[in-house]
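Please follow this explanation with the sequence and the structure side by side.

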Amino acid sequence: MPSSTSTHAPLLQAIDLHLFFGGLSALVSVSFDIRPGEILALIGPNGAGKTSALNCLNGFYRPQRGKILFDGHDLTHTPTHVIPRLGIARTFQNIALYTGMTALDNLMAARHIHMRQSMWASALYFGPAHREEIAHRRVIEEIIDFLEMEHIRKAIVGALPYGLRKRVELGRALALEPKLLLLDEPMAGMNVEEKEDMARFILDIHERRGMTILLVEHDMGLVMDIAHRVVVLDFGVKIAEGTPDEIKSNPAVIKAYLGETVNSEQSTVNSQQ
Amino acid sequence: MALRLAGDFDTSYAHDMAIIRNRGQWGMTIAFLIGLFALPFFADGHVIGTLNLIGISIIAVIGLNILLGYTGQISLGQAAFMAVGAYSAAVLVKAGVSFWLALPISGLVAGLVGLLFGLPSLRIKGFYLAMATLSAQMIIPWFFRNVRTDIFGGMPGLTMQPPRLGEIVFNSQATMYFPIMLTVVVCVIAAKNIARTRLGRALIAIRDNDLAAEVLGIAQFSHKLRAFFLSALYAGLAGALWAMYARTINPDQFSLLNSVWYLGMVIVGGMGSALGPILGAAFVRVLEEVTVQLAPVLSKLFPQLEAGLLAALGPITFGIALMLFLVFEPRGLAHRWELIKAAWRLRPFAH
């Protein structure tokens, strides 16, 4: 569990977020908390604003109204590249790796914020830069070991299959050593086996590294299994929040996902898990 | 994935990261360096002259490769930044500064000018950035031609005294060879070190996915500026060495055409590889030399050919070579070299 915050104070507070693209409202007065040490799932039908909310949290989008407080910092006006230094890392729905680099270098590139060497030290290499590279290589090798990707260490990631690329991307986010990990559909497009692998990695990250995780995911069964709490968005509005069990029986959620006839459809949601 | 020699295993992270991996490679490296610096004692002046020109081109092309190959930012102003270096060196030497001190200063001056022209990269990319850097290529030679002709010599340009070191005067191809090749070696090593450490990874990250880089803590703008600075710094060093090599410099030596040639060398050599600039610069310069040698032979064999056509032989060959590379080997000579090396190591098997 992160040490800097107490168990009760939220690690991140999103307060009254409004985000518009022209006339289209992506988020309307969305508020939620992320508590330290929890796995919070953000779900909702396609176009509900899940990724938009995530993009606001790491400064990719700027909400027109509202506030984001993280670990004592106001993120609303923090430059995008500073936010990971405060302790937020993320993965992307459509994998955004550095395709020309090896898996190892992708992870090392994420150590950027933890490294100190100057341009001149880099050019000289011998001495401080060399020692720093090795020290960070050690950290990276632990992550490589943890995610079981030793065999692809020196493979160019552009040539890797989809499932492995997703894993490299997760590794890259871990290499930032964040307090809060934002995962944008980590299991999208995977088969059952790969999904189970990924779920295991997420749970391991949470347990062994004590990371707080915000998960955006479509696979209901999986979300209900691993999330501690769930926030549901629909058309940019938060329609529900609660434990997986509360969400499963929440009429507004069922309506958003399945339409009007509540009774007959509820069993469908249950049977998905 | 890079293939390694059989029996070559990593024993530590330092070993895994090393470029020169075993005794054999150390031996070859040392032998190569000895050979490189012993060459002027054996080869004739013309060969050394060509090598000097190749060396100067290599430095400029390495700089461009940092910007284009690693950072993915295009620049059409490399020759202009060379001009800044050349003029800085010439003016400083004229003012009584030793050339050996003027050389690094010229690099820094060019770097700062490059930084200035890199500012538009904050907002624009690709084709539009190319047009913005074209302004450097327009403004800088114009500046040296028309502004303060008392300092920069206007159209006829400047003449620089050959540098000295004690008793030695660097006024022949063989003597100039040493400072040029020494700078080349330092520049190659520095570029390779940059590419394999924090800065290089940040630059490649920006090339491959600028938005992801920003989200993961790599400040795009400051790193693009670093790339422009380094690229122009290399150009400045090349320019200062050019001033020593040519002795007389004028604005016409640093035209847009030269910038395009450097771009061509980066492409022929292989973008984003450490070896690429060396192979690219060498290949294009040798090709140029061959066409120069070939022109009189051709005019004897085919007297009906027009003189103008023979004069254009160089550019035509370069153009054709560039097109062929873009179509058949867009990853350049460096990639081809990797393939040959891999095939050699896998021999006698195909995979």
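A:D184 is found in strand β7 (residues 180-184) of chain A, where strands are DSSP runs of E of at least two residues and helices are runs of H or I of at least four, both numbered from the N terminus. With a relative accessible area of 1%, A:D184 is buried, a word that here stands for under 20%, while exposed stands for over 50% and partly exposed for what lies in between, computed with a 1.4 Å probe on protein chains only. Leaving aside residues up to four places away in sequence, A:D184 touches A:T51, A:L54, A:R90, A:T91, A:F92, A:Q93, A:K166 and A:V216, contact meaning heavy atoms within 4.5 Å. A:M198, by comparison, is 14 residues from A:D184 in sequence and 13 Å from it in space, C-alpha to C-alpha.

The model is predicted, so that local features need pLDDT of at least 70 and side-chain atom pairs count only at pLDDT 80 or more, whereas totals for chains, interfaces and linings use all residues. Residues are numbered from 1 along each chain as its sequence is written, chains are lettered from A and ligands numbered from 1 in the order in which they are written, and side-chain values use heavy atoms, with hydrogens and water left out.

Two residues of chain A have a positive phi without being glycine. For A:S29, in strand β2 (residues 24-34), phi is near 45°, and this residue is partly exposed at 38% relative accessible area. For A:I95, in the loop between β6 (88-90) and α3 (103-110), phi is about 35°, and this residue counts as buried at 15%.

The contact between the chains takes 40 residues from chain A and 36 residues from chain B. The area buried between them is about 3300 Å², of which carbon and sulfur atoms give 65%; buried area is the accessible area (1.4 Å probe) that two parts lose on being put together, summed over both. On the side of chain B, B:R198, B:R201 and B:L216 lose the most area to chain A, together 24% of what that side buries.

Three salt bridges are found across this interface, a salt bridge being a side-chain nitrogen of Lys or Arg within 4 Å of a carboxyl oxygen of Asp or Glu. A:R137 forms a salt bridge with B:D16, the closest N and O atoms being 2.6 Å apart, and A:R137 also pairs with A:E141 at 2.8 Å. Because A:E141 and A:R137 are four residues apart in helix α5 (residues 128-146) of chain A, about one helical turn separates them. A:E141 is buried at 8% relative accessible area, and A:R137 is buried at 4%. A:E141 meets A:R153 as well, at 2.9 Å from N to O; A:R153 is partly exposed, at 24%.

The second largest pocket holds about 430 Å³ of space and is lined by 19 residues, with A:W120, B:V186, B:A190, B:L233 and B:L237 nearest its centre. The largest share of the lining, seven residues, comes from α8(B). By class the lining divides into 17 nonpolar, two polar and no charged residues; Ala, Val, Leu, Ile, Met, Phe, Trp, Tyr, Cys and Pro count as nonpolar, Asp, Glu, Lys and Arg as charged, and the others, Gly among them, as polar. A pocket is an open set of points on a 1 Å grid over the protein atoms alone where a 1.4 Å probe fits, with protein on both sides within 12 Å along at least five of seven lines, and lining residues have an atom within 4 Å of a point; the volume is the space filled by probe spheres set on the points, which are joined across faces, edges and corners.
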